[in-house]
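Let's take a walk through this structure together. Keep the 3D view open as you read.

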Amino acid sequence: MTRGLRRLLAGVTFWRLVLAGLFALGAYATVVRFGRGLGAATNLSDAFPWGLWIGFDVLVGVGLAAGGFTVAATVHVFHIEHYKPIARPAVFTAFVGYVLVIVGLLFDLGQPWDIWHPLVMWNPRSVMFEVAWCVMLYTAVLALEFSPLVLERLGLHAPLRLVRAIYVPLVVIGVLLSMLHQSSLGTLYVIVPDKLYGLWYTPWLPVFFFLTAIAAGLAMTIVESYLSQRAFGRELEHDLLDGLARVIVVVLGVYLMWKAQDLLHRGQLALALQLTPEAVMFWGEIGLGVVLPIALLATPHVRRHRSGLFFAALLVVLGFVVSRLNVAVTGMARSSGTHYVPSLLELGVTFALVAAGFTAFAFAARYLGLFPAATGGAAAPAGARPSPTASGWGIAGLWVLLLAGWALLTLARGREDRPATAVLSATSATSASASPTRSSHDVAPAGWPAAPALPAPFRFPRGAHSPGVVTFDHASHLDAAKPQCAECHREQFSLLRPGRPLHGQLVMERIRRGQLCGRCHDGQRAFGVVAGECDVCHSTP
Amino acid sequence: MTAAILTDLTKCVGCQACVWACKELNGLPREDGARQLSATTLTVVERHGRVNVRRQCMHCLDPACASVCPVNALHKTPEGPVAYDESKCIGCRYCMVGCPFNVPKYEWDRRVPRVQKCLMCYAQLVSKGKQPACTQVCPAGATIFGQRDALLTEARRRLAADPGRYVAHIYGEQEAGGTSVLYLSAVPFEQLGFPANVRKDPYPRLTWNVLSNLPQVVSVAGVGLIGIWWIVRRRQELAQNLPPPESER
């Protein structure tokens, strides 16, 4: 018993404790999410219906898994066979990534049990419909692409032969599906030109999403190899990673030029030079996530070092995360009129999903032979030390600086233009910057109509025992400038039955009971019914 | 023929009869002081200065919400209203993101939530040839129901008959490619909380421009990939079977 306990305790490491904590938080968030609904678990609202779960769990998750199709195409379509050792970890990462994306979606969807609906209820005009189909099919393709590893281990040769026979068409289909939905995640936002901030909205969003996903997917492969070397002493050959890094430079370079040209062409480049939260995050994405890594990875000195390569690739991954969150959160914030910050439970679910990804990867690296064994020693050149230009602390410092700037500017903006009343509609990014003044709600602009005319005095029909005719004058009962019609015309004299506002008979008995006129004329809010003073109301004999 | 609603803001007295009629017909809670659209308030009378602005779903002719819905839960009916089938909805909330007028709202606090928006009383009244509850009860004749063409004619007649009373703009005639809910006003619409820079073209066209090209992209890329696979393999085969260079013979 004690030996078992000791062995258990020996297995408790810092990272395992962190993992356990994250899973506990995730489990709690799951209970709240499904027990009490989206409103209780998230900070989402009618003004901000998509938050962290779409921005990170789906957009980032799918993008970081892009290494799967890129490497598979490299090895099996382009026949660059010496990249074969990378294919396994890349395909496995992609598979885990997609499974986690689907799990994340189950949290975000209002009716997750109906997630299969797009299979049978078709709307080909919907980008979401296309994404749903592609993600589903591609996850199946990834499972097949990854299956040989499992089948080999289980010794199932017949299905293994079958998968091998169809492997190339499988890879081609996987590449096509990936091209479709990686870009379509960007197309999702093509329909919100008035809502997405000018730095990000462009009809080229699908192309930009595709290019950045390729770079991020390859960078993720480098990051994983480094981490797995740290954890298990297994990694990929440095030459191969070096090759990936060169591809990243080219892809990011193409993206950077295209993006700059697009901003210039649409006349939105000036937005990047203003001191706004959006501009700060834009430079985080482009400066720290594209320009800096291009410079680092283009430098042979940095690329040669294991940790130089790792940190530069990490910059690409972080920049990619920010680029997706910029579209999903930063860029949609201004037009929404609210400030969305994910709740602790939203963060909890997201972190738990990331933790699940790491766990699955560690498991596969250890038990499934994800990386070829015993390549660790000879992989990197001897004496690899962190390149001074791209050390972990340097990166962390830059990002902390950037996020602090963003937070400050967001707070400043929140103080500046907190709307006096919640206005239903969105003021778009462009119109907000063009005309920052809100129309004051107290001053009537030119062309304002005079106060609505009140209805003419109303003579109630005289009853059998009435001491005199009652004439109701709207003008003496309410303020013509601010008529509160519904005060009486909702319950007491309902307008819901035009021409017949009265339910039942108008008799003094009901008024004494506090109905009809008696609702106000109760002796307190207004004079009440007093014996002998009938002529106050029944004024016309 | 498309059913439509014309709301003349110069005639609205702000009595909220439309709001209460809507809540009554749809069985929604009658909490007081609803100031904006929500999952329990499908039409509302906002006050902007002295103008009462009745807001509701615009019922676009080519609705963005219906085009983005992956399962056709939201759909444009032949009669005109944009209807909702909650049994299809998966709760992705893309309609809320996609609507240029920010109309669809969500039941955040329910465990089985639905999207809520004005459906123009489609199931209860309009599909049976009757008019919706809100226009039925309006005591001021500020919001009226009819065929879109007829209402447009009526709106133009009012603009021509009393040009000093209105800004020369029928909101909804062209906005988002045309909507089934039309507005007349004395005050420019952007001062009344209406989205000012709404496009004149239907929003679904933006994404359709991309989606409609995908079959071409897929076929070209597919042929290209298989071509590359074949060519590279063939070249490698030939390189392996090549006779050794002269010097080694």
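Setting aside neighbours within four places in sequence, A:F458 is in contact with A:V470, A:T471 and A:F472, where contact means heavy atoms within 4.5 Å. This is a predicted model, in which local features need pLDDT of at least 70, side-chain atom pairs count only at pLDDT 80 or more, and totals for chains, interfaces and linings use all residues. Residues are numbered from 1 along each chain as its sequence is written, chains are lettered from A and ligands numbered from 1 in the order in which they are written, and side-chain values use heavy atoms, with hydrogens and water left out.

Back to our phenylalanine: A:F458 sits in strand 1 of chain A, residues 458-459; strands are DSSP runs of E with at least two residues, numbered from the N terminus. A:F458 and A:V470 are 12 residues apart in sequence and 8.4 Å apart in space, C-alpha to C-alpha.

Zooming out, chain A is assigned domain 1 (22-381 + 405-413) and domain 2 (454-541), with bounds from an automatic or database domain assignment. Their C-alpha centres lie 67 Å apart.

The largest cavity holds about 110 Å³, a volume being the space filled by probe spheres set on the points, which are joined across faces, edges and corners. It is lined by 16 residues, and B:C12, B:C15, B:C18, B:C138 and B:A142 are the closest to its centre; lining residues have an atom within 4 Å of a point.

Technical notes. Helices (H or I, at least four residues) and strands (E, at least two) are DSSP runs, numbered from the N terminus. On a 1 Å grid over the protein atoms alone, a cavity is a set of points where a 1.4 Å probe fits but cannot get out, and a pocket is an open set with protein on both sides within 12 Å along at least five of seven lines; lining residues have an atom within 4 Å of a point.
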